[in-house]
Amino acid sequence: MNNSFIESGNVAAALAVKLASAEVIAAYPITPQTPVTEKLSEMITLGEMDAEYIAVESEHSALGVCIGAASAGARSFTATSSNGLLYMSEQLHWAAGARLPMVMCVVNRGVGAPWSVWNDHQDAISQRDAGWIQVFAKDHQEIVDMTIKAFRLAELVHIPVMVNYDGYYLSHTYMPFELPNAEDVKAFLPDYEYKHTLNPERPESLNTVTLPDARVDINGVKRPGYMEVRKNLHDEMRLAMDVWEEIDADYHKSFGRGGNPICDPYCCDDAEFILVAMGSLANQFHDVVDQLRAEGYKVGVLALQMYRPFPTSHIAKILQPAKSVLVFEKGLSYGNQGALYADLKSALYPYPARPTLHNFITGLGGREIRTENLYQSVKDTCLNEETLKPEHIDTPQWIGLQL
Amino acid sequence: MSSIAKTNVINLTEEEFVHPGNRACTGCGLSILYRIGMKALGRDCIFVVPPSCLTVLQGLYPISATQMPVLNCTFASTAAIATGVRAAMKRRGKKTQVVAWAGDGGTADIGIQALSGALERNEDIIYICYDNEAYMNTGVQRSGTTPRRGLTTTTPYSGKKENSKNVPEIVAAHNPAYIATCSASYPLDFHDKLLKAKEIRGLKYIHIQTPCPPGWGIEEHKTVAIGRMAVESGLFDLYEIENGKKQLTGQSSKQLKKKSLRPVGDYINLQTRYNAYDEEHVIALQAMIDRKWEKYRKEFSQE
Amino acid sequence: MPDPRFKILTSASTSGPGDAGRTGSWRVERPIIDYSKCTPAKTGRHTCHLCWLYCPDSTVSKDLEPQIDLEYCKGCSICAEECPTGAISMVSEEEFTGGDKDE
């Protein structure tokens, strides 16, 4: 059976959602996500996909419909980008706190103001504290595989999962990828079940006002207060890392792909300089690594696949032996540093011997990321390591500015 | 004549669907309509509730006063959440009624976008707006349905400068399956309109004027009486719109035969939220009501 | 099917009375029914029952001699206001519990 395709990243996502048998789709068009919602709408209308397609009037409502459907027992899906993600921000927090199993694809795009339709990661990064699991796909195959695995993860751990992929670089480019068989995916994904499914035969009131203190219920049993509920989300988000690895191992067995679900290293084993990036940028670094290796530099690149929960020990284990770590990102926590850089720095903090760290900001608002610029920044850092002033080291360096 | 069932106090079911000892204010109009409305809806329901007085009435975790499943949601998204629940019911092949209960804020102001979307899609839900004419849950701030010159904490001293939104008319412009206006003081009319709504497919919108003692500035025992005055004076009308056709119901329909209605001054003067009304304003309001009912008498005289 | 290793805490309430505790303690006055004036009580037939209909807290029973659930009656007096025969009067709580209520 040849399930090979050459299609855009957006279509790859839509096809994965079809294989995952999502039942309620509610999405609002926004560049560069739009083709996902168009493709899903087309497949449903043609009867190729058995689902409800709800043409919502906003992103806030899109996630609202998914929240309602997921609470009432249906596997739901939405996709968005940029300002659409920000518009649904309160719903993100809501879905996480309600422990709803759902999946959303975010086609990463810079946020306004100023308006930008082009790629960067600020949309996802700005929502990193909401309580959603966040993974980043590097290519179209990963879009397919991660989306399918995401449904299983969300439904096992009851935490919503965001599958990120780069706007335009992945969403609109064409790459070859394999689609697993529908029957095999059905076997891989059990039926949807939400722990607190709304059911008149077993009535519960969900997401009610919860007092600061723990309080007894009608049976005299003490129930958690707000803080216990929130701690449980955090603890179980950490635990979800293990489940993601288990799912990946099972996916590898069933479909022959996977193996590095949390961090995907390239030439890192003996690397003195390790580059870290998320999404398609990590793949772009392969050329840089190859070139520098040929010149004798021991460079490697680590693609971070799972950003939230932050894989503290996985990352530390790979990076700690290196001499220097260069973190390249397409977003930042304004007024401080790159968010990924800060998280990574914190992961390495407990180690008495740890690499020097460098933060590079690149590609904001779709500014072209030229491989030769990447190559030059890495080489400069490798060459000038000894002479860099400490205050320069902990300050974001901007690559590709034009003025 | 309207085709509404005729439930009376005697044949109204004794079964209760909401527990006492809840956090609603003493004499709360919402409590009355909620309690009686649920008798029409029955247990095969899922409710969707945004931030509002009902969020509090319904109970704080882990105790719920409502005996049906309730999904609390963010303020702006009631109709969207209800849409999602409805979609899941469709997938599961269930005929469970999906009923949204939102206040005037969650319907006419912050909730209007989602409601408009759900109306445009004609989602098969019952959407109930209990309109106490201000943001009562947060302490009586003005809303889009607060009447002109109504006093609230954000329209103090001289009252609201703007007219209120006519939400049923906004809803009617979307041409949904069914629209009805009701009053908490006529709970049986509400009950029977819900019975009717249950049988209709598409979006059923019910707007129910809900007296609120602390917010309106009346004594708690006057809750039912004040709502009656609103209808008897012809200020608030009980009607239905089906297939674009409007007809008065219940008490409002009965009043078509009367040459004059109860003076609106009775209603206004009993509420401290109307302290910014001078005699001239009452006269102007009365004139507006008189004009409206002149039109009604011509329009509905063929019944 | 959620993974059994996960507790999945969230706010899901089950239903029961008294979310606000014993709301009878809110009362300043309590309704007292004079059954000699109450229509169902007098006639022995189920009629009227407006007190039962309008009670916001479902604390009036639909019996021929309506009973008030004093555990939860908030004392709003709507029943007294709406009773067509004036059979219900509101009496100060002090008459029943003495000067200092400690319940």
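**Exercise 1.** How many residues has the largest nonpolar core, and which residues have the most contacts inside it? Work out also which helix gives the most to this core, and where the core lies relative to the domains of chain A.

*Solution.* The model is a predicted one, and the steps below should be read with that in mind.

Step 1. The largest nonpolar core counts 239 residues, and A:Val24 and B:Val85 are those with the most contacts inside it.

Step 2. Among the contributors, helix 7 of chain A (residues 140–157) gives the most to this core, with ten residues.

Step 3. Since domain 1 (4–188) and domain 2 (263–399) of chain A both give residues to this core, the core lies between them.

**Exercise 2.** Take B:Val85 and find which residues it is in contact with, leaving aside its neighbours within four places in sequence.

*Solution.* Step 1. In chain A, B:Val85 is in contact with A:Gly68, A:Ala69, A:Ser71, A:Ala72 and A:Leu198.

Step 1. In chain B, the contacts of B:Val85 are B:Ile46, B:Val48, B:Leu71 and B:Val98.

**Exercise 3.** Describe the side of chain B that touches chain A, beginning with the residues in contact and ending with the strands that join the two chains.

*Solution.* Step 1. Counting the residues in contact gives 42 from chain B and 40 from chain A.

Step 1. On the chain B side, at least two residues each are supplied by strand 1 (45–49), strand 2 (63–64), strand 3 (70–72), helix 3 (78–91) and helix 5 (112–120) of chain B. Helix 3 of chain B provides the largest share, eleven residues.

Step 2. Sorted by class, the residues on this side of chain B are 21 nonpolar, 15 polar and six charged.

**Exercise 4.** Characterise how domain 1 of chain A meets domain 2 of chain A.

*Solution.* Step 1. The centres of the two domains of chain A, taken over C-alpha atoms, are separated by 28 Å.

Step 1. In the contact between them, 24 residues of domain 1 of chain A meet 20 residues of domain 2 of chain A.

Step 2. On the domain 1 side, helix 6 (122–126), strand 6 (133–136) and strand 7 (161–166) of chain A are the elements that give two or more residues, and strand 6 of chain A gives the most, with four.

Step 3. By class, this side of domain 1 of chain A has eleven nonpolar, eight polar and five charged residues.

Key:
Residues numbered from 1 in each chain as written. Chains lettered and ligands numbered in written order. Predicted model: local features only at pLDDT ≥ 70, side-chain atom pairs only at ≥ 80, totals over all residues. Contact = placed C-beta atoms within 7 Å. Nonpolar A, V, L, I, M, F, W, Y, C, P; charged D, E, K, R; others polar. Pairing = 2+ DSSP bridges. Core = buried A, V, L, I, M, F, W, Y, C linked by C-beta atoms within 7 Å. Buried ≥ 20, exposed ≤ 12 C-beta atoms within 10 Å, placed from the backbone. Domains from an automatic or database assignment.
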